[in-house]
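Welcome! Please take a moment with the sequence and the 3D view below, and then let us walk through a few features together.

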Amino acid sequence: MVNKMLNRIETNSAEETYALGKQIGEQASAGEVYTLIGDLGVGKTVFTQGVAKGLGIEEAVSSPTFTILQVYEEGRLPFAHFDVYRIGDVEEMDEIGYEDYFYGNGICLIEWADLVREILPEHYWEITIRKDLARGTDFRLITVEEKFAPVPRPQT
(Lines give C-alpha, C1' and ligand atoms only; values in the text may rest on other atoms or scores of the structure.)
Protein backbone atom coordinates (compact mmCIF):
# COMPACT_ATOMS: atom_id res chain seq x y z
CA MET A 1 0.00 0.00 0.00
CA VAL A 2 1.08 3.51 -0.76
CA ASN A 3 0.01 6.60 1.20
CA LYS A 4 -1.06 9.41 -1.09
CA MET A 5 -2.27 11.91 1.48
CA LEU A 6 -1.88 12.14 5.22
CA ASN A 7 -3.80 14.46 7.53
CA ARG A 8 -3.51 14.58 11.31
CA ILE A 9 -6.34 16.26 13.16
CA GLU A 10 -6.58 16.84 16.91
CA THR A 11 -9.98 16.94 18.59
CA ASN A 12 -10.68 17.81 22.20
CA SER A 13 -14.28 16.69 22.62
CA ALA A 14 -16.81 14.21 21.30
CA GLU A 15 -18.49 17.15 19.54
CA GLU A 16 -15.31 17.95 17.61
CA THR A 17 -14.84 14.28 16.65
CA TYR A 18 -18.48 14.18 15.47
CA ALA A 19 -17.95 17.41 13.49
CA LEU A 20 -14.93 15.93 11.71
CA GLY A 21 -16.97 12.85 10.79
CA LYS A 22 -19.76 15.11 9.54
CA GLN A 23 -17.32 17.03 7.34
CA ILE A 24 -16.05 13.78 5.82
CA GLY A 25 -19.64 12.64 5.21
CA GLU A 26 -20.45 15.93 3.48
CA GLN A 27 -17.46 15.54 1.17
CA ALA A 28 -17.81 11.78 0.53
CA SER A 29 -18.35 10.53 -2.99
CA ALA A 30 -20.06 7.39 -4.27
CA GLY A 31 -17.82 4.35 -4.23
CA GLU A 32 -15.54 5.52 -1.41
CA VAL A 33 -14.48 3.11 1.32
CA TYR A 34 -13.36 4.33 4.75
CA THR A 35 -11.70 2.12 7.32
CA LEU A 36 -11.88 3.06 10.98
CA ILE A 37 -9.24 1.83 13.38
CA GLY A 38 -8.99 2.50 17.11
CA ASP A 39 -9.30 0.89 20.51
CA LEU A 40 -12.60 0.31 22.30
CA GLY A 41 -14.07 3.55 23.58
CA VAL A 42 -11.91 5.81 21.44
CA GLY A 43 -14.85 7.44 19.60
CA LYS A 44 -15.38 5.36 16.46
CA THR A 45 -19.17 5.36 16.87
CA VAL A 46 -19.30 9.13 17.50
CA PHE A 47 -17.19 9.69 14.39
CA THR A 48 -19.46 7.36 12.38
CA GLN A 49 -22.56 9.20 13.60
CA GLY A 50 -20.99 12.39 12.27
CA VAL A 51 -20.33 10.77 8.88
CA ALA A 52 -23.97 9.67 8.73
CA LYS A 53 -25.17 13.18 9.57
CA GLY A 54 -22.91 14.59 6.84
CA LEU A 55 -24.63 12.24 4.40
CA GLY A 56 -28.03 13.56 5.50
CA ILE A 57 -29.02 10.50 7.52
CA GLU A 58 -31.36 11.46 10.35
CA GLU A 59 -32.06 8.08 11.93
CA ALA A 60 -30.10 6.94 14.98
CA VAL A 61 -26.77 5.33 14.08
CA SER A 62 -25.19 2.77 16.39
CA SER A 63 -22.39 0.31 15.92
CA PRO A 64 -23.64 -2.97 14.33
CA THR A 65 -21.41 -5.07 16.59
CA PHE A 66 -23.62 -8.17 16.55
CA THR A 67 -25.16 -7.84 13.08
CA ILE A 68 -21.83 -6.81 11.48
CA LEU A 69 -23.58 -4.64 8.86
CA GLN A 70 -26.17 -1.85 8.95
CA VAL A 71 -27.22 -0.10 5.74
CA TYR A 72 -28.77 3.37 5.72
CA GLU A 73 -30.53 4.40 2.49
CA GLU A 74 -32.11 7.75 3.44
CA GLY A 75 -29.13 10.08 2.88
CA ARG A 76 -27.73 11.53 -0.31
CA LEU A 77 -25.73 8.29 -0.76
CA PRO A 78 -26.37 4.80 0.60
CA PHE A 79 -24.22 4.23 3.70
CA ALA A 80 -22.98 0.73 4.58
CA HIS A 81 -21.62 0.62 8.13
CA PHE A 82 -19.66 -2.50 9.05
CA ASP A 83 -18.38 -3.42 12.51
CA VAL A 84 -16.19 -6.50 12.11
CA TYR A 85 -14.97 -6.65 15.73
CA ARG A 86 -16.76 -9.95 16.38
CA ILE A 87 -16.08 -11.56 13.03
CA GLY A 88 -14.62 -15.03 13.47
CA ASP A 89 -13.24 -15.51 9.97
CA VAL A 90 -12.88 -13.18 7.01
CA GLU A 91 -15.01 -15.66 5.01
CA GLU A 92 -18.01 -14.40 7.00
CA MET A 93 -17.71 -11.23 4.95
CA ASP A 94 -18.44 -13.29 1.82
CA GLU A 95 -21.65 -14.53 3.44
CA ILE A 96 -22.73 -10.92 4.01
CA GLY A 97 -21.96 -10.01 0.40
CA TYR A 98 -19.41 -7.37 1.31
CA GLU A 99 -18.37 -6.80 -2.32
CA ASP A 100 -21.81 -5.33 -3.10
CA TYR A 101 -21.02 -2.59 -0.57
CA PHE A 102 -17.27 -2.18 -1.07
CA TYR A 103 -17.79 -1.72 -4.81
CA GLY A 104 -21.32 -0.26 -4.76
CA ASN A 105 -22.76 3.17 -5.44
CA GLY A 106 -22.74 4.39 -1.84
CA ILE A 107 -20.03 4.82 0.75
CA CYS A 108 -18.75 2.15 3.08
CA LEU A 109 -17.27 2.54 6.56
CA ILE A 110 -15.62 -0.45 8.25
CA GLU A 111 -14.87 -0.37 11.97
CA TRP A 112 -11.97 -2.64 13.05
CA ALA A 113 -10.94 -2.93 9.39
CA ASP A 114 -7.48 -4.16 10.35
CA LEU A 115 -9.21 -7.53 11.03
CA VAL A 116 -10.23 -7.87 7.35
CA ARG A 117 -7.32 -6.09 5.69
CA GLU A 118 -6.85 -8.84 3.09
CA ILE A 119 -10.22 -8.10 1.45
CA LEU A 120 -10.03 -4.31 1.42
CA PRO A 121 -10.21 -2.71 -2.01
CA GLU A 122 -7.12 -1.34 -3.74
CA HIS A 123 -8.15 2.22 -2.87
CA TYR A 124 -9.58 3.35 0.46
CA TRP A 125 -9.26 5.97 3.21
CA GLU A 126 -7.80 4.75 6.51
CA ILE A 127 -8.92 6.70 9.57
CA THR A 128 -7.17 5.96 12.85
CA ILE A 129 -8.36 7.42 16.16
CA ARG A 130 -6.03 7.43 19.15
CA LYS A 131 -6.31 8.73 22.71
CA ASP A 132 -3.47 10.45 24.53
CA LEU A 133 -4.43 10.61 28.19
CA ALA A 134 -1.46 12.89 28.90
CA ARG A 135 -3.34 15.51 26.82
CA GLY A 136 -6.69 14.93 28.54
CA THR A 137 -9.44 12.32 28.58
CA ASP A 138 -11.24 13.92 25.62
CA PHE A 139 -8.18 14.44 23.42
CA ARG A 140 -8.06 12.43 20.17
CA LEU A 141 -5.47 12.31 17.42
CA ILE A 142 -7.24 11.37 14.19
CA THR A 143 -5.15 10.38 11.20
CA VAL A 144 -6.68 10.24 7.72
CA GLU A 145 -4.63 8.49 5.04
CA GLU A 146 -5.52 7.76 1.44
CA LYS A 147 -4.32 4.25 0.64
CA PHE A 148 -3.96 2.58 -2.71
CA ALA A 149 -2.11 -0.37 -4.15
CA PRO A 150 0.99 0.57 -6.07
CA VAL A 151 0.85 0.18 -9.83
CA PRO A 152 3.14 -2.68 -10.87
CA ARG A 153 6.14 -1.55 -12.89
CA PRO A 154 6.81 -3.31 -16.18
CA GLN A 155 9.75 -5.64 -15.98
CA THR A 156 12.64 -4.87 -18.30
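## Salt bridges

R117, E126 and K147 are joined in a network of salt bridges, a salt bridge being a side-chain nitrogen of Lys or Arg within 4 Å of a carboxyl oxygen of Asp or Glu. What you see is a predicted model, in which local features need pLDDT of at least 70 and side-chain atom pairs count only at pLDDT 80 or more, while totals for chains, interfaces and linings use all residues. Residues are numbered from 1 along each chain as its sequence is written, and side-chain values use heavy atoms, with hydrogens and water left out.

Side chains of opposite charge can pair when their charged atoms come close. How many salt bridges does the structure hold? There are five, and three of the pairs are set out here.

| Salt bridge | Closest N to O distance |
|---|---|
| E58 and K53 | 3.0 Å |
| E126 and R117 | 3.1 Å |

How well covered are these partners? The words used here follow relative accessible area: buried means under 20%, exposed over 50%, and partly exposed in between, with a 1.4 Å probe and protein chains only. E126 counts as buried because its relative accessibility is 7%, whereas R117, at 37%, is partly exposed.

Helices (H or I, at least four residues) and strands (E, at least two) are DSSP runs, numbered from the N terminus. E26 is partly exposed at 44% relative accessibility, and K22 is partly exposed at 30%. I24 is also found in helix α1, but I24 counts as buried, at 12% relative accessibility.

## Aromatic pairs

A pair of aromatic rings is described by the distance of the centres and the angle of the planes. The structure holds five such pairs. Rings of Phe, Tyr and Trp (its six-membered ring) pair if their centres lie within 6.5 Å; planes under 30 degrees apart count as stacked, over 60 as edge-to-face and the rest as tilted.

One of the pairs is F82 with F102, an edge-to-face arrangement with 5.6 Å from centre to centre and 80° between the planes. This pair links distant parts of the chain, since F82 belongs to strand β4 and F102 to helix α4, 20 residues apart. Both F82 and F102 are buried.

F102 also pairs with Y98, again edge-to-face, at 4.8 Å centre to centre with 70° between the planes. Y98 and F102 are four residues apart in helix α4, so about one helical turn lies between them. Y98 is buried, as is F102. Together, F82, Y98, Y101 and F102 make up one aromatic cluster.

## Patches on the surface

Patches are made of residues with over 30% relative accessible area and no salt bridge; like charges are joined within 9 Å, and nonpolar side chains (Val, Leu, Ile, Met, Phe, Trp, Tyr) within 5 Å. Lys and Arg count as positive and Asp and Glu as negative, with His and the chain ends not counted. The place of a charge is taken as NZ of Lys, CZ of Arg, CG of Asp or CD of Glu.

Which residues gather in a patch of negative charge on the surface? They are D89, E91, D94, E95, E99, D100 and E118. Helices α3 (91-96) and α4 (98-102) each supply at least two residues of this patch, and α3 gives the most, with three. D89 lies in the loop between β4 (79-83) and α3, and D89 is partly exposed because its relative accessibility is 40%.

A nonpolar patch on the surface is formed by L40, Y85 and L115, with about 300 Å² of accessible area together; accessible areas come from the Shrake-Rupley method with a 1.4 Å probe, and for residues only the protein chains shown count as cover. Y85 is in the loop between β4 and α3, and at 35% relative accessibility Y85 counts as partly exposed.

## Positive phi angles

Most residues other than glycine have a negative phi, and most peptide bonds are trans. I68 has a positive phi near 75°; I68 is in the loop between α2 (44-54) and β3 (69-72). W112 also has a positive phi, near 65°, and W112 lies in the loop between β5 (107-111) and β6 (123-131).
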